[in-house]
Amino acid sequence: MLSGMSITSDASPRQVAPAAPSSGGKVGLRVTRVETLAEGVRGLTLSAADDGRLPDWTPGSHVDLTFDNGLTRQYSLCGDRWDPHTYRVAVLREPAGRGGSAYVHDELAEGDRVELAGPRNNFALAPADHYLFIAGGIGITPLLPMMEQAAMLDIPWTLLYGGRHRASMAFLDQLARWGDRVLVRPQDEYGLLDLSVIGDQPAGTKVYCCGPEPLLDAVRVAAAGLPAGHLRTERFVAGAIPPPVRSTSFEVELARSGVTVTVEPGSSVLDAVAGAGVPILASCRQGICGTCETGVIDGTPDHRDSLLDDEDRRRGDCFYPCVSRAACDLLVLDA
Ligand code: FES
C-alpha cells in the first residue's frame with residue numbers, strides 16, 4: 001500500500017500468486033533503488049538478494065516487507081508484473097503512523113536487505129467490459145498494474161485520481177501517456193472527487209477503488225446502484241471490528257492436525273491454536289492482510305475481518321483467525 005499503506009479489501013476475489021511463498025518461507029530482497037516519487041512518497045525498487053527470479057504476481061497484489069528493525073508492513077506492488085527480477089512499491093510518509101513509513105523515508109537505503117513474504121492478492125482484477133478506477137493519494141499503487149492489464153487486454157478503462165495537491169500525487173508522469181482516460185483531480189484545484197462519474201459508466205463496468213476511508217465511504221454510497229460485485233475496494237487500514245457474536249468460549253477443531261482447542265473470550269483463535277502447537281502464519285493481526293487465511297470445514301464463523309465481502313461471508317469457507325471467531329459451539333478449520 002502502498003504508501004505504507006496497510007492493505008485491506010472488500011468485495012474482492014482472493015488469490016495468491018502461484019509462486020508465492022505464502023505459507024511459510026521468506027525471501028531475502030535487496031533495495032536496489034530509492035527515489036522520491038512525489039511529496040512525501042518514496043519509491044523502492046527491490047530485487048532478490050541472490051539476483052534470482054522473484055515470485056510471480058498479479059495486479060492488486062501486495063507483499064509483506066520486514067525491515068531490519070523488525071517491523072513488517074504491507075505494500076501494493078506497482079511495477080511491471082512481467083519483470084521477474086524487480087518489484088516496485090511506493091511508501092507514503094505517515095506522520096501519525098507506527099514507524100514503518102518513517103523507517104522507509106528516513107533510514108532505508110540502497111543496498112539494504114529486507115525480507116519478503118507473499119505476494120498475496122486480496123484485490124484481484126475480475127473480468128469486466130469496462131473498468132472505472134478511482135484512486136485517492138497513495139491508493140493509486142494497486143491500480144497501476146490493473147490499468148496496464150486492462151490496456152493489454154484491450155478493455156476500456158477510466159481513472160479518476162484525487163490527491164491533496166498535484167505535487168503530492170505520485171506517478172503523474174507515468175499516467176500522462178494514457179491521455180484523457182486519466183482524470184487527475186487535485187483537491188486544491190477541483191475540490192472533492194466528483195463521484196457522479198460512477199453513474200455515467202456503461203453497463204458492465206466494474207469499479208475498483210483504493211484510498212482513504214472517507215473516499216471509500218463516499219464511493220460506496222455513489223455506487224449503491226451497481227450490481228453486486230461490481231464495486232471492489234481496498235482500504236489503507238482495518239475497518240471497525242464489531243463486537244463478537246458470542247461472549248462465551250467456543251471450541252476450534254483443527255482437522256488436519258487432529259487438535260481441538262478451547263478459545264476463551266479474551267484470546268484470538270490465532271493465539272489459541274498457536275498455544276496448542278499449531279502456528280498459523282500471520283502478519284497484520286488486524287484482519288486486513290489475508291496472511292492467516294484458513295479454510296472452514298464445518299461450523300459458523302463470526303467474521304470480523306476487513307477482507308471478505310458479503311458473498312464470501314455467505315459462502316463461509318474462509319476465515320481469518322487473527323480477528324474472526326465462531327458463532328457456534330464448534331468450528332472446524334482446515335489446519
Ligand atoms: S489477516 Fe493479517 S494476519 Fe490475519
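The chain carries 30 positive and 43 negative side chains, and the centres of the two sets are 1 Å apart. Lys and Arg count as positive, Asp and Glu as negative; His and the chain ends are not counted. Each charge is placed at NZ of Lys, CZ of Arg, CG of Asp or CD of Glu. The model is predicted: local features need pLDDT of at least 70, side-chain atom pairs count only at pLDDT 80 or more, and totals for chains, interfaces and linings use all residues. Residues are numbered from 1 along each chain as its sequence is written, and side-chain values use heavy atoms, with hydrogens and water left out.

The chain contains seven helices and 19 strands. These are DSSP runs numbered from the N terminus (helices: H or I, at least four residues; strands: E, at least two). The radius of gyration is 20 Å, which agrees with the value near 20 Å for a compact globule of 335 residues. This radius is taken over C-alpha atoms, and the globule rule is 2.2 Å times the number of residues to the power 0.38. Along the principal axes, the C-alpha atoms fill a box of roughly 60 × 50 × 35 Å.

Of the 335 residues, 53% are buried. Buried means under 20% relative accessible area, exposed over 50%, and partly exposed in between (1.4 Å probe, protein chains only). Among contacts with a separation of 6 or more, 69% join residues 24 or more positions apart. A contact means heavy atoms within 4.5 Å.

Side chains of opposite charge can pair when their charged atoms come close. The whole structure holds 15 salt bridges. A salt bridge requires a side-chain nitrogen of Lys or Arg within 4 Å of a carboxyl oxygen of Asp or Glu.

One of them joins Arg88 and Glu35, at 3.0 Å from N to O. This pair links distant parts of the chain: Arg88 lies in strand 6 (residues 87-92) and Glu35 in strand 2 (residues 27-38), 53 residues apart. Arg88 is partly exposed at 24% relative accessible area, whereas Glu35 is buried at 16%. Arg33, Glu35 and Arg88 are linked in a salt-bridge network.

Arg93 pairs with Asp106, with the closest N and O atoms 2.6 Å apart. Arg93 sits in the loop between strand 6 and helix 1 (100-106), and Asp106 lies in helix 1, 13 residues apart. Arg93 is partly exposed, at 35%.

Arg315 forms a salt bridge with Asp317, the closest N and O atoms being 3.6 Å apart. Both partners are partly exposed: Arg315 at 45% and Asp317 at 36%.
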